[in-house]
Amino acid sequence: KKVMSKVVAVTGAAGFVAGELIHQLLEKGYTVRGTVRSKERAQSLIEAFPQLILYEADLLVEGSFDECFKGVEYVFHTASPFLREFSDAQKDLVDPALLGTKNVLASVEKNLDTIKKVVVTSSAAAIVAQHPPQDHSYVWSEEDWNTTSSLTEGPYRLSKYLAEKAAWDWAKGKEDKVKLLTVNPTLVIGKPRHKRTDGVCITSMVNLLNGTTKETGCHNISFGLADLGNVAQTHIACVENENASGRYQVSSTSGVSEMEYVNILKKKYPDYPLPEKQNGEVTYVPKYSQEKTKGLGINFVPVEESILNMAQAIIDMGYLQK
């Protein structure tokens, strides 16, 4: 059903999750504003969504989001640094994630006359502990907080935990004015809505299909996978469902190893240079709860379907051409 044209804002509009979220919001009839660091570098986004209203904003600049949030009813804060390589964990990961969240929320605070809900894209990294639990059958849920990552061990995960915690600290005492919700996906996979090659989620699939991982072998870790469409649906359900509150984890019920991924891909793409070896045994397969998110009416897409959707899109969009 189409919504009366409510105005919403999506930060980090050029991101992987944001692309699908913007697509679904526009389909539902929302008026969507998006922020990017540079309009010049957002060409593929502009081509994909001509009706998207773009604003330039920088996570690290205070007041940068003020203009975009004027007159908006819902804010989806998806922007956050996700880098494979960095030289200084505090400076490159933790500070931007924390400062970005604080700057975005400070701009929300200036616009509480219209803003009713804020949905922050957090991560299962803020839920799942750095090391496997003693009981391997333990099921991770929204009740859990990852307090065990550090600057030297799991700095990306630390940044997600600190940023989400800062958001909840900000929301304390504002419950009668604005509602905060978070979406906590595991590794997001699915079909990108426009061509943008620098997403970590996309790069790992490209490397599986183009032979890069064949050289290095698969990692011996297993982690949950979140379907891109489901992640976007959960964000929207957070604002549309009157009873939504707190955090919502989005994940397969069980971890999937890269080798399991590869076996799914092999069935459909036998001619691609897929990896054949795994570096060591997988010693822990995490389990994730879907219960709370199912309560929002989300129907979880099977892992196999998400993997094949993403692979096909990457092939179709020409990511594999050198």
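In which helix does Glu258 lie? Glu258 belongs to helix α9, which covers residues 258-268; helices (H or I, at least four residues) and strands (E, at least two) are DSSP runs, numbered from the N terminus. The structure is a predicted model, in which local features need pLDDT of at least 70 and side-chain atom pairs count only at pLDDT 80 or more, while totals for chains, interfaces and linings use all residues. Residues are numbered from 1 along each chain as its sequence is written, and side-chain values use heavy atoms, with hydrogens and water left out.

Glu258 has a relative accessibility of 12% and counts as buried, where buried means under 20% relative accessible area, exposed over 50% and partly exposed in between, with a 1.4 Å probe and protein chains only. When neighbours within four places in sequence are left aside, Glu258 is in contact with Thr213, Cys218, His219 and Ile221, contact meaning heavy atoms within 4.5 Å. The buried residues of α9 are Glu258, Met259, Tyr261, Val262, Ile264 and Leu265, and they pack against several elements, including α6 (200-209), α7 (212-216) and α11 (303-316).

Apart from neighbours within four places in sequence, Met205 is in contact with Tyr261, Leu265, Ile307, Met310, Ala311 and Ile314.

How do α6 and α11 pack? Their axes are 10 Å apart and meet at an angle of about 80°, the axes being lines fitted to C-alpha atoms, for helices over the stretch in contact, with angles running from 0 to 180 degrees between N-to-C directions. The two helices α6 and α11 are therefore roughly perpendicular to each other, since angles of 65 to 115 degrees count as roughly perpendicular, those under 35 as roughly parallel, those over 145 as roughly antiparallel and the rest as oblique. Cys201, Ile202, Met205, Val206 and Leu209 of α6 make this contact with Ile307, Met310, Ala311, Ile314 and Ile315 of α11.

The aromatic rings come next. A search of the whole structure finds four aromatic pairs, for which rings of Phe, Tyr and Trp (its six-membered ring) must have centres within 6.5 Å, with planes under 30 degrees apart counted as stacked, over 60 as edge-to-face and the rest as tilted. One of the pairs joins Tyr138 and Trp140, edge-to-face at 4.9 Å centre to centre with 80° between the planes; Tyr138 is partly exposed at a relative accessible area of 31%, whereas Trp140 is buried at 6%. The rings of Trp145 and Tyr161 lie 5.9 Å apart at their centres with planes at 75°, so this pair is edge-to-face as well. Trp145 is in the loop between β6 (139-140) and α5 (155-171) and Tyr161 is in helix α5, so the pair ties together parts 16 residues apart in sequence. Trp145 is partly exposed, at 33% relative accessible area, and Tyr161 counts as buried at 14%.

Trp145 also has Arg247 over its face, at 3.6 Å from the ring centre, where a charge sits over a ring if NZ of Lys or CZ of Arg is within 6 Å of the ring centre and within 35 degrees of the ring normal. Lys292 lies over the face of Tyr248, at 4.1 Å from the ring centre.
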